[in-house]
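Hi,

Here is the structure I promised to pass on. Have a look at it first, and my notes follow below.

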Amino acid sequence: MLAESAPAAIKRRRFTTMDATAHFSTEKLAAAKENYGREISVFDTTQATISQASNNNASEAEEPDDLEFTAEDYYRILATKKEDKYLKTKKIRDAEAAARRSTITKAVVRVRFPDNHTLEATFHPSETMQSLIDLLVKVVARPDLPFYIYTTPPKKQIKDFSQDLYSAGFAPGAIVYFSYDLPKGVEAPQGPFLKEDVLSLKGLEHVPVQQVDQVPAQPASEPVAAASTSSQKPAVEKKKMVKPKWLKM
């Protein structure tokens, strides 16, 4: 029997550790879902902001250059807008709106707290704002104190709890802020704002379990001719119409 090489042994131990971490995270998040009735997670607000900014920058980098937008493209878009406005009946527009709504199956709401923690929870778009309030009552450390949530900018307190999340613009995702609603002169608690068992979820993610016992098969070698054929690109590609970000229509 051949002895396992040192690099292979180190790699196997690393994947075993990853598996243990994945199992722990998955089990703890599953227990929280059962306890609070929905998927929740907790992380630092600063990390979430950096991650969101990175995703936005990556999306902008992938967008084509606005200089590719021509006068012909502009008039084509303008004609389409006019056609949509004057030729579509209210019934058709309502049907299209319903079709767009049916494609959104969840609303991921992030609640930011003053102590630099963010709670993320998953809802169905048809659920109301009251569902979000009910969850907050369960997870906050001081449910006995009155509180409110708001969006910004500009700062707008949410008061209509009968509105569904989709109609409120919270689907597929939204960010709201938490604040205690105490009388003037009464000092608000400085934290923690979330219960200990909720804070213990901080940094946990649904990590896919690595199948370390399975040795990946070596990919079959492809014929050189096939490889060279697949690498060839068309000599001429049709230019796509691009709507620039600055065009508001």
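What percentage of the 249 residues in the chain do buried residues make up? The answer is 25%. Keep in mind that this is a predicted model.

On the overall fold: the chain has seven helices and six strands, and their order along the sequence is α-β-α-α-α-β-β-α-β-β-β-α-α. Taking contacts between residues at least 6 apart in sequence, 75% join residues at least 24 apart. As for the surface, the chain exposes about 17,700 Å², with carbon and sulfur atoms supplying 56% of that area.

Now the inside. The largest nonpolar core has 35 residues, and V111, F113, L119, L136 and V139 have the most contacts inside it. Elements that each supply at least two residues of this core include α1 (6-36), β1 (40-44), β2 (107-112) and β3 (117-123). The largest share, six residues, comes from α5. Leaving out residues up to four places away in sequence, V139 touches Y36, L119, F193, L194, K195 and V198.

T45 lies in helix α2 (residues 45-62). Why call T45 buried? Its relative accessible area is 11%, and buried means under 20%, so T45 qualifies. The side chain of T45 makes a polar contact with the side chain of T118, at 2.7 Å. Beyond residues up to four places away in sequence, T45 touches R112, N116, H117 and T118.

Cheers

Technical notes. Residues numbered from 1 in each chain as written. Predicted model: local features only at pLDDT ≥ 70, side-chain atom pairs only at ≥ 80, totals over all residues. Heavy atoms only, no water. Helix = DSSP H or I, 4+ residues; strand = E, 2+ residues; numbered from the N terminus. Buried < 20%, exposed > 50% of the residue type's maximum accessible area, 1.4 Å probe, protein only. Contact = heavy atoms within 4.5 Å. Areas by Shrake-Rupley, 256 points an atom, 1.4 Å probe, with all protein chains shown as cover. Polar contact = N/O pair within 3.5 Å; in protein donor to acceptor, adjacent residues only side chain to side chain. Core = buried A, V, L, I, M, F, W, Y, C linked by side-chain atoms within 4.5 Å.
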